[in-house]
Number of protein chains: 2
Amino acid sequence: MDLSHLLAPRSIALVGVSESSRWSQAIVNNLKLQGFPGPVHMVNPRHETEFGQVSHPCVAAIPGEVDLAYVMVPTAIAEIAARDCVAKGVRAIVMLTSGFAEMGEAGAAAQHRLSSYLAQHDVALCGPNCLGYINANAGVAAYALTMVEASRPGPIGAVLQSGALLLPVLRAMQKREMGLGVLISSGNEAMLDATDYLAHMVEDPQITVLGALLEGIRRPAAFAAVADRALHLGKPLVVLKMGRSEVGQRVALAHTGAMAGSARFAEALLRQHGVVQVHTLEDMIETLGYLSAYGAPPGDRIGLIASSGGTCGLASDLGTELGLRYPAFAASTRARLQEVLPEFATIQNPLDVTGYVVIQPDLASNATRVVAQDPEVDVVVSVTAVPESPGPAPHLIDQRMAEQAEMVRGAGRYVVLASTQAGDLSPFGRELVRRHGVYVLGGVAGGLRAIRAALDHTRARHRLADVEAAAAATNDRILPPLPGGGGPLDEAAAKRLLGDFGVATPREGMAASRDAALALAREIGLPVVLKVVSPDLPHKTEAGAVALDLRSLDEVGAAYDRILASARRYRPDARIAGVLVAEHAADGIEMLAGVQVDPVFGPGVVVGLGGIFVEALGDSALRLLPLGPGEARAMVEELRAHTILKGVRGRPPADVDALAAALLALGEMAAALGPRLRAIDVNPLLVRAAGRGVLALDALVDLEPAVGAPAVAL
Amino acid sequence: MDLSHLLAPRSIALVGVSESSRWSQAIVNNLKLQGFPGPVHMVNPRHETEFGQVSHPCVAAIPGEVDLAYVMVPTAIAEIAARDCVAKGVRAIVMLTSGFAEMGEAGAAAQHRLSSYLAQHDVALCGPNCLGYINANAGVAAYALTMVEASRPGPIGAVLQSGALLLPVLRAMQKREMGLGVLISSGNEAMLDATDYLAHMVEDPQITVLGALLEGIRRPAAFAAVADRALHLGKPLVVLKMGRSEVGQRVALAHTGAMAGSARFAEALLRQHGVVQVHTLEDMIETLGYLSAYGAPPGDRIGLIASSGGTCGLASDLGTELGLRYPAFAASTRARLQEVLPEFATIQNPLDVTGYVVIQPDLASNATRVVAQDPEVDVVVSVTAVPESPGPAPHLIDQRMAEQAEMVRGAGRYVVLASTQAGDLSPFGRELVRRHGVYVLGGVAGGLRAIRAALDHTRARHRLADVEAAAAATNDRILPPLPGGGGPLDEAAAKRLLGDFGVATPREGMAASRDAALALAREIGLPVVLKVVSPDLPHKTEAGAVALDLRSLDEVGAAYDRILASARRYRPDARIAGVLVAEHAADGIEMLAGVQVDPVFGPGVVVGLGGIFVEALGDSALRLLPLGPGEARAMVEELRAHTILKGVRGRPPADVDALAAALLALGEMAAALGPRLRAIDVNPLLVRAAGRGVLALDALVDLEPAVGAPAVAL
């Protein structure tokens, strides 16, 4: 759907406008303030005039075309107003009127009728229960809370699933002199949702940075497509996703009724599609402002210059804790710094140019220019202060700012300015940075957090080929046969399926008798493992149905009897398919791998440290399908357990390649099983020394039955 | 030393003052601005007048008493100026002059001479290389960078080991209308250090909240004493400790030359003594402002009220991620909320009172009053907005603010106000909150972080008894005999020592022959473990000198030969004391426990998950001596591995009591060994099921030799 009539209308009708309403006062004020160039028509049948203009009895009575209707009538006549708009040929509606889906089932039904009707007539609907939007790039402020000043046109386009937060976000951006082009509150999203607005803005050449405050992601695939498009165009997409916690999910559900899906799946989706993730409103604002001014950072190696040892100390700790790096300066940089800095300065990174800056004010700029030539540094951060007032020497302030602006633009390198500390700019400060066209990051802490967040985009761009290859992958290999039955497969069947997809399993066989078990043990070679196989015993260890590390045939025989007896005691009616005899493999690291299925986001491949550590340490990585080889590798590398896999305490490095390959195989298996898949759980997946591969020591595969197949596969 | 002449002087001499100096201009301006009531004398022999006053040739020439001299002469004559001050009977000096310890060895020597001389004459010295301080409570601003406005008297007292950050901190506090009583930059700390200033301020009845920005903790014991005193008095101490990262330590060393000690030990010291820890300047400021207005929060159960679903969503996630809790409201609260809120509001915590607040502005206040009666809630957070300007209805703004002030003061419960988002107050907003005597936390994110940080104080107060008991503990039990030798003890000797202090070790014995090993194995009972014991083989596993889980005498015999051969191959000259035969205990969780010794902070007891997980997962806890039982328990509980210890996947809970007791025993052992102790490392320490205790399966104890004892104990 074309959103240009909605977001850049040539004419607007205010439907249900009233001089006595605070909403009406606000929107009339805002349109004037933002300098809307087209006609604004008043519609209210009860009065002859509103705000000094003719008040029309209905939209249809307005002479001339109307692109956008801003509707603020009572709930009861919202549908009538919509029909009136359609009759007039209005192309888009922003509906402030509330009392729809947020009010329960009857409201949801009314909302559905409304949006279906408007969709039939090709009318774009923003809301209902929505405060509207501001498009400074088009001179429109169709927003119903009073703005303090006009929004400055610029490259930021953002959508918020919380209308009340629009004004504080706008105000904060204004006080930091950010160019906020488009800011939309999406309300109940009856027709258009956040993804639609992002899809529209990503194609807008004036918008180079996108932002979204999301309570839920209604259409994961569509959202992923927008994120991919943004990444492809090199436009960073900054997302603050709410509902990361259980409390937050509950609150989001109450607020917009959006089905949230699992927070971990949402996070995986964002990560996989190169979205810049932030967790506070302040970080979202700072990151948008920073990206709009400087674009994404080329890398994570920071060179920082300040005129205070304390600032350098703070930046050192915070940067390191964020995972940024402060490389040692190159020898040539050190030599040149020695020339420009006082003798008592210590040449290191972060660099304190010392308090001598009070005497020689261009000290920091000179040092910054030198550091900007250092090949070891990706991002040069020059810590500065934007003066609050002109003081006794305004021309010096101006000169300093011009110098810094030139330093940023003329260095030919990625140089950013940051203030010592967060805080709004004063009116003088705003005018100063606007005039010189510079953006100063708000504080060392917030600035470093914004740089770190923005690296999500940089890194995703680097692996773009991998992401696009995975997305476009046409799987032309011949798929192995899939089991027809449903329910959890027994261990042997689950392992066969894994083996078919290329995940190695131990040498093993099924025994139906003690003698058969002994024969198998001889054939496989000691030590062996014995397990009772039954679809009714998913927790074998708890049932005493497992014996590990059996080193002699005597031990095998005794264990055979013991585990069968124990299993029968644990669950007398368990259907027992036999006893699995398998090689005892323990020469590796026990990981867990599998596939989980989320009702909103679909299947995701998961990997983590195995055994008792899974829940305790919460160290696992998740990716949605499709999974490319680069992402599979990245999953393993983001685990804390990666340190262990690389080899610690004299242990050889583990076969990380084979682990990544196994994750890809699980992804293929999940894709092949499609909607039949409920879960795959390989625990433990033994990862042996490099070159020796992995072994699925135990496996659970849970399926919906294939159409026409029996409910349980045995 | 009495610091009252320094921090609350009756008269001040500006030594080396000059109208043309920016430092001088600033300090003269600041003293006037802050309304210093006493005489300010000018001292400069080269001019007759300075700043319109008589300029004296030297301090001694000033008529009348001089409490404080602010010295800003060139480095070369700093000592002469000091003598001049002493001759006059000046009681305190702030020395701006730089060129001392920060300039290398010669400077350090000059600084030492200066401070020794002044100490002899009982003159307090702040600095040198120090911008000074502001004491708004005494009307003094002896600070040499230009202040924009006077500091507002109040209950906050803070010291910064970074003079350049004083002004931004002050300004940020002013813009948020905080009452900053005393703010000191400590400079080179030649005589008085940050701990001295804190020790002075903690006794000041006007100061109720303390803050410190620290690059290093020079005197851990003295600092701990101040922290304990602050805790005892119920005055929260907020610390931003720099040098947490390696880069940060390097920077701090260059900046002040302070020997940092290990960051982990510093962190442990702060934690143990109930210090409120923050990591950014913004969080430090916010936490100080919050604590000065509201005092420490009574608990971690938050009830949050906002008029935006988005704010509630953000608060839910952030609060949960910080470890705060949002309990469900009591039934009575829910019932009363249903009465005051519109029908379509969802009654839950966090509570969105809905956008209906635009129509009924007291909605949030009414709901807050209800939530404030809920017994399940410790801290009521009411999210509000401080208006930027009076707007069309200033009396309504006033009325709303009065209502909120009454709500905070009159509720009889702990109710705090927070704004939706961080940002400075406007001049109108400042005047408004000052007039109504309220403090509004700066943003939901920053506010929740401040509450979380302040809980450090609350929790420390709760365990005060434990801390004080540990500090006062007179250990009257008879100590076991200590070994006289030095170097690493062999495993058997180390385990004996552990056993003497009450840490259980396995049934085991030393064998000098294969037959003796077999006999021991029979006596102890199979399965057993064999290890070659040698002071030259600290890494036994690497040397192949260990055999585990030997289940038959055949296996024992074979292992005996194998491990001895392997050890001799690994290190032919190893001195071998014998082969240790021990019960094979594997029925528990392998932890690591020990004592590490830091050159600055002394010994600290450490515990963590054992085996290959130690380095990889970085999951360990550390406490300095003395260690009380509550702290020992808290160490275990702060581990991520605590989840495992509590029992996961059908495993029984582990003997956490015995683990805590073992940590206490290690603390006692470290105290008994005193400065002789280099390190104790028990790895693994097997923690068995509850009631079954712990077992030190392997141990290393490294000692300095006792005076007169041989270098290596064998």
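Student: How many helices and strands are there in chain A?

Tutor: This is a predicted model. In chain A there are 24 helices and 30 strands.

Student: What confidence does the predictor give?

Tutor: One begins with the confidence of each residue. For chain A the mean pLDDT is 91, and 95% of the residues reach 70 or more. For the complex, the predictor gives an ipTM of 0.91 and a pTM of 0.92.

Student: What box do the C-alpha atoms of chain A fill, and what percentage of its residues count as buried?

Tutor: Along the principal axes, the box is roughly 100 × 80 × 40 Å. Chain A has 714 residues, of which 59% count as buried.

Student: How is a sheet to be read? In what order do the strands of the 7-stranded open sheet stand?

Tutor: One lists the strands in their order across the sheet and then notes the sense of pairing. Here the order is β3-β4-β2-β1-β5-β6-β7 in chain A, and the pairing is mixed. At the edges stand β3 (49-50) and β7 (124-126) of chain A; each has a single partner strand, so one side of each lacks a neighbour in the sheet.

Student: In which sense do β1 and β2 of chain A run, and how many bridges join them?

Tutor: Strand β1 (residues 12-15) and strand β2 (residues 40-43) of chain A run parallel and are joined by 4 bridges. To see this at the level of residues, find Ala13(A), which stands opposite His41(A) in β2(A).

Student: Which helix lies across β1, β2 and β5 of chain A?

Tutor: Helix α2 (residues 22-33) of chain A does so, and its direction is at about 165° to β1(A).

Student: In what order do the strands of the 5-stranded open sheet of chain A stand?

Tutor: The order is β16-β15-β17-β18-β19 in chain A, with parallel pairing. Its edge strands, β16 (351-352) and β19 (440-441) of chain A, each pair on one side only. Within this sheet, β17 (residues 379-384) and β18 (residues 415-419) of chain A pair in the parallel sense over 5 bridges. Val383(A) has Ala418(A) in β18(A) as its bridge partner. Helix α10 (residues 281-294) of chain A lies across β18 and β19 of chain A, at about 145° to β18(A).

Student: Why is strand β10 of chain A described as largely enclosed?

Tutor: One examines the residues of the strand in turn. For β10 (residues 156-160) of chain A, 5 of the 5 residues are buried, so the strand is largely enclosed by the rest of the structure. Both faces are covered: Ile156(A), Ala158(A) and Leu160(A) are buried on one side, and Gly157(A) and Val159(A) on the other.

Student: Which strands are joined to β10(A) by bridges?

Tutor: Among them is β11 (residues 180-185) of chain A, which runs parallel to β10(A) and is joined to it by 5 bridges. Ile156(A) has Leu180(A) in β11(A) as its bridge partner. Between these two strands the chain passes through helix α5 (residues 166-175) of chain A, and this β-α-β crossover is right-handed. Strand β12 (residues 209-214) of chain A also runs parallel to β10(A), again with 5 bridges. In β12(A), Ala212(A) is the bridge partner of Val159(A).

Student: How might one study a single residue? Where does Arg623(A) lie, and is it buried or exposed?

Tutor: One asks for its element, its accessibility and its contacts. Arg623(A) lies in strand β27 (residues 620-624) of chain A. With a relative accessible area of 3%, Arg623(A) is buried. The strand β27(A) is itself mostly covered, with 4 of its 5 residues buried. The side chains of Arg623(A) and Glu631(A) are joined by a polar contact of 2.4 Å. Beyond four places in sequence, the residues in contact with Arg623(A) include Ala268(A), Arg271(A) and Gly604(A).

Student: In which sense do β26 and β27 of chain A run?

Tutor: Strand β26 (residues 602-609) of chain A and β27(A) run antiparallel, with 5 bridges joining them. Val607(A) stands opposite Ala621(A) in β27(A).

Student: Which residues does Thr280(B) touch?

Tutor: Not counting residues up to four places away in sequence, Thr280(B) touches Leu318(A), Ala445(A), Arg449(A) and Leu240(B). Thr280(B) is found in the loop between β14 (276-278) and α10 (281-294) of chain B, and at 7% relative accessibility it counts as buried.

Terms used
Residues are numbered from 1 along each chain as its sequence is written. Chains are lettered from A and ligands numbered from 1 in the order in which they are written. Side-chain values use heavy atoms; hydrogens and water are left out. Two strands pair if DSSP finds at least two bridges between them. Contact means heavy atoms within 4.5 Å. Axes are lines fitted to C-alpha atoms, for helices over the stretch in contact, and angles run from 0 to 180 degrees between N-to-C directions. pLDDT is the predictor's confidence in each residue, from 0 to 100. Buried means under 20% relative accessible area, exposed over 50%, partly exposed in between (1.4 Å probe, protein chains only). A crossover is right-handed if, with the strands pointing away from the viewer, the path from the first strand over the helix to the second runs clockwise. A polar contact is a pair of N or O atoms within 3.5 Å; within protein, one must be able to donate a hydrogen and the other to accept it, and residues adjacent in sequence count only if both atoms are side-chain atoms.
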